[in-house]
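The following exercises ask the reader to work through a structure step by step. Each task is followed by its solution.

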Amino acid sequence: MKYMFYPGCSLHRSARPYLDSLAAIQEKLTMELQEVEDWNCCGATEYMSVYRAPAHALVGRNLALAQQQSNGSDTVMAACSACYLNLEKTENYMRTDEELNNKVNTALAEGDLHYDAGSIQVRHLLDIIYNDVGMDRIKNLVTNPLEGLKVAAYYGCMIVRPDVNQRWNSPEYPTVLEELMEALGAEVIDFPMKTHCCSGHMTQISSDVAYELIRRLIYGATHYEADILVTLCPMCQLNLDAYQIEMNNHFDTDYVMPILYFTQLMGLAFGIEPEELGIGREFVSAKQALAKIGAPVPDEVPEKGKPRRKKKKEEGLPMPQVSTRFNGGSK
Amino acid sequence: MTGEEAQTNGHRIGVYVCHCGTNIAGVVDVEHVSEWAKDALGDRGVVVGKDYKFMCSDLGQELIQKDIEREGLDRVVVAACSPHLHEKTFRNATERGGLNPYLCEMASIREQVSWVHTNKAIATEKAKAMISGAVERVKEHESLEPFRVPIEEATLIVGGGIAGIQSALEIANAGHPVYLVEREPSIGGHMAQFDKTFPTLDCSACILTPRMSEVGVHPNIELLTWSEVEKVEGYVGNFAVTIRKKASYVINEDCTGCGICWQKCPKKVIDDKFEVGLGYRKAIYTPFEQAVPKYPVIDHDNCTYFEKGSCKACEKFCPTEAINFEDEDEVITVNVGNIVLATGYDLFDARRIPQYGYGRLANVFTSLEFERMTNAAGPTDGDIVLRDGVTAPKSVGIVHCVGSRDRNFNNYCSSICCMQSLKFAHLVHERTGAEVFNFYIDIRTPAKEYDEFYQRVLDEGTRFVRGRVAEVTDAARLPGEEGKLIVQVEDTLAGQQRRIPVDMVILSAALEPRTDAYETAKKFGIACSANGWFTEKHPKLDPVATMTEGVFIAGCSTGPKDIPATVSQGSAAAARILSYIEMGELALEPVRATVIAEQCSGCRICNDLCPFNAISYDAETELSEINIALCQGCGTCVAACPAGAITGTGFSNEQVLAQIEGLLMLNVEPQPVAEPA
């Protein structure tokens, strides 16, 4: 099975473990990935709401490149939810909005590019693994089932909403990731916050709001007794993992909820070494949780030149908070 | 024979052009068209050309009548609205004038001309062409006589809910035989599951069970419970219906309904039908105490004897030896003249909206579960309690429009849920004193005494939050939410998100067509709407008839409705049938298709295409045959036959070709006509 692959910036930086684990399992899944050459930024989460046509032109360039380079595949796969949504949005709007289509193609023509709307299928990695590879093949690949590991499956908002091409079984309460985790032998908990907001870029704009949104998810996963929260989005992973400690400082709580990519758990179940899957690079160590399934996890890899920041002194009055009551929730 | 006679064939045709107020006259120059018809079509047999404000009025019709008598017309063309509306009117007028009614033809210059064009000159020319076509066609018309079919006196009613019960009693009380088929072991339908009925709060069982027992003992009603219709053959007045009476393993003649069998039966089964999964029954059971008939049935799939080969406790304890484990299905055929389909509805499966938690969160209930819970004869003896069976809720959230008015599921309004939710709110207040929140989109209380009930519930202190619920969750995050169900909702009146913790949530789930509604419709030769409800012959003017003569529909099978509307439809269907029975025979439209035997190759292409199951293949003659009583003259087979072996009275090749020829004649040059002022 051959696919064009749009990695996006996160997979090469903050979400490196996602890329590494994908690379590690890709062969077993018989997925042949051809990276779109000379790709550029997808515009992330805000650009489309700020400048519509330029934002679509930015994404349109990636689609045009994919169309140009496509060699036996009309599918572009993205593993990052924001990349996936932006590519899907531009593809869809160029197909249905003639004026936008003309504008984008006029801009692309400046760089001798053109995109024929409708010629590329945009799909998320999970969709391809679930539908093209299929659960039967996955089950056959499992050599080290994740027995006894309680997993909260977390989607975030962007891959399931708006689901313009109806690729997911429910935009409100999808169950695809759960099925995959069950196929790996994990125990899947009912996690009602699975499509709630991870706070997106609120961490940069309004950290109080972000901490509260992160707290809800971490508290929820803890409350439902998950050992680990599994995600498919670099931003969700970053927010819940990297800001978990700051959130704990902010609310004076002590949650420990490791956040891993679903591809990392797939790799473990397929018997691949944790190091090869990028496990150990997470801020909140998964070591203890993964000990349940006997996975030898390397010691935390210290991030060079990035000493953990101390909690900033709050200026003025603190936000009214509800933290202390929920300390009992953490295990 | 002169030249003129050759073209007119001696016909004397009257052309009548209707203004339809300004509907037609606003776009078509009707005076001009009527004069043109008389002048320009004179050599084609038109001797009268008139226009009139409303041809469908008595005075308009009289014009036709009088001209037939005075001018000796032998054909009539009315250029007016679609024949769907007034073909019958003008055929009747033609008949009153002394002509065969089928010698009248309509040209639709409203739906096909004035309503779809704005340019008066072009519209006027098109109207002329339409009339030219109608004139040529009507010359090919023949006098037709309606078919007369005798009406069998007996009636089949499918579905023993309140709609079917009402129909059965109306017809039976008028002295005519009725077969009432119900697939469950008892009649009563959904109404038997309810505790109270809105807005009067009278007890559902108290008003329903007298009707049920009346049905049970009525000499004119043959009750066929635990039975299903397998096949329907024939046509209005003369249906042959095959019914499967499922094996009940109980000899009804010997059974006294004493109940010892189900007391002694060791096998407890979750009752997912009558108790909607909230209670238990035995493997031998009647669904509820007042069941009609009183005879139990054995649930074959759950009976220990059928599972393991031993038990037979019911047989051992039965005082009248009424158990027969050798019982088998029995297939019977009954002849009936008319059929009422009153097959009811299914409740929307609330699991389809997982974010509302039904099936995941224990204390989320469906509306039908709650009905059973409030019922004094239900699984909790009428106590309103949480899933643990003992704790009374201190706060209850009722979510409206679950699966209704939702583009993801059903666009329609389920009509009864507002009043049902208000009733629930009242019952919760009355029995537990709990705080009640109603989460609604709009409150719809349009019937008699309904809005007064709403005001009463408001006065009782029920909280109303306007907005569609986003989710019901047990994921607490604020003080006071621990251990509760939290209803997350956008309060669209306050303009803010709210989280309301409650102990219990009731989902007012949508009414949906029966899951097998399409199969049922096909079996009886009727149609379903896109949503799956049975389609009426006319949604306003003929709401209980269908396009298939002799098959009537009533109650929720045609769309969600409350009990009064359901009962009205049951009576209405009965009234229609009683008038047929009273007539003794029925005149059917003679516009029918016929197979020309010499040209039919027996290919059977037409057989499956017929929407009314009117065509069958005769293996002996190797020809397809059309049952004229079932044929509705739609013309599908005529168009489909590769050999051109099917022709239709009223739409023969000659008639259609003549009409096309007439349309193309356009022996008038386009004239500049003044634009409307």
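**Exercise 1. The contact between the chains**

The contact between the chains takes nine residues from chain B and 12 residues from chain A, where two residues are in contact if their C-beta atoms, placed from the backbone, lie within 7 Å. This is a predicted model, in which local features need pLDDT of at least 70, side-chain atom pairs count only at pLDDT 80 or more, and totals for chains, interfaces and linings use all residues. Residues are numbered from 1 along each chain as its sequence is written, while chains are lettered from A and ligands numbered from 1 in the order in which they are written.

Task: State how the residues on the side of chain B that touches chain A divide by class.

Solution. Step 1: the classes are nonpolar (Ala, Val, Leu, Ile, Met, Phe, Trp, Tyr, Cys and Pro), charged (Asp, Glu, Lys and Arg) and polar (the others, Gly among them). Step 2: on the side of chain B, four residues are nonpolar, two are polar and three are charged.

**Exercise 2. A helix pair in chain A**

Task: Describe how helix α2 of chain A and helix α14 of chain A cross.

Solution. Step 1: the axes of α2 (residues 16-26) and α14 (residues 262-269) of chain A come within 8 Å and cross at roughly 35°. Axes are lines fitted to C-alpha atoms, for helices over the stretch in contact, and angles run from 0 to 180 degrees between N-to-C directions. Step 2: the crossing of α2(A) with α14(A) is left-handed, that is, the near helix is turned anticlockwise from the far one by less than a right angle. Step 3: α2(A) contributes Pro17(A), Tyr18(A), Ser21(A), Leu22(A), Ala24(A) and Ile25(A), and α14(A) contributes Thr263(A), Gln264(A), Met266(A) and Gly267(A).

**Exercise 3. A sheet in chain B**

Task: Give the strand order of the open five-stranded sheet in chain B and identify its edge strands.

Solution. Step 1: the order is β10-β7-β6-β18-β29 (chain B), with parallel pairing; two strands pair if DSSP finds at least two bridges between them. Step 2: β10 (221-224) and β29 (551-553) of chain B are the edge strands, each pairing on one side only. Step 3: from one strand to the next, the twist averages 20°. Step 4: helix α7 (residues 162-173) of chain B packs on the sheet and touches β6, β7, β10 and β18 (338-341) of chain B. The direction of α7(B) makes about 170° with that of β7(B). Step 5: β6 (residues 155-158) and β7 (residues 178-181) of chain B pair over four bridges, and Ile157(B) has Leu180(B) as its bridge partner in β7(B).

Conventions: Helix = DSSP H or I, 4+ residues; strand = E, 2+ residues; numbered from the N terminus.
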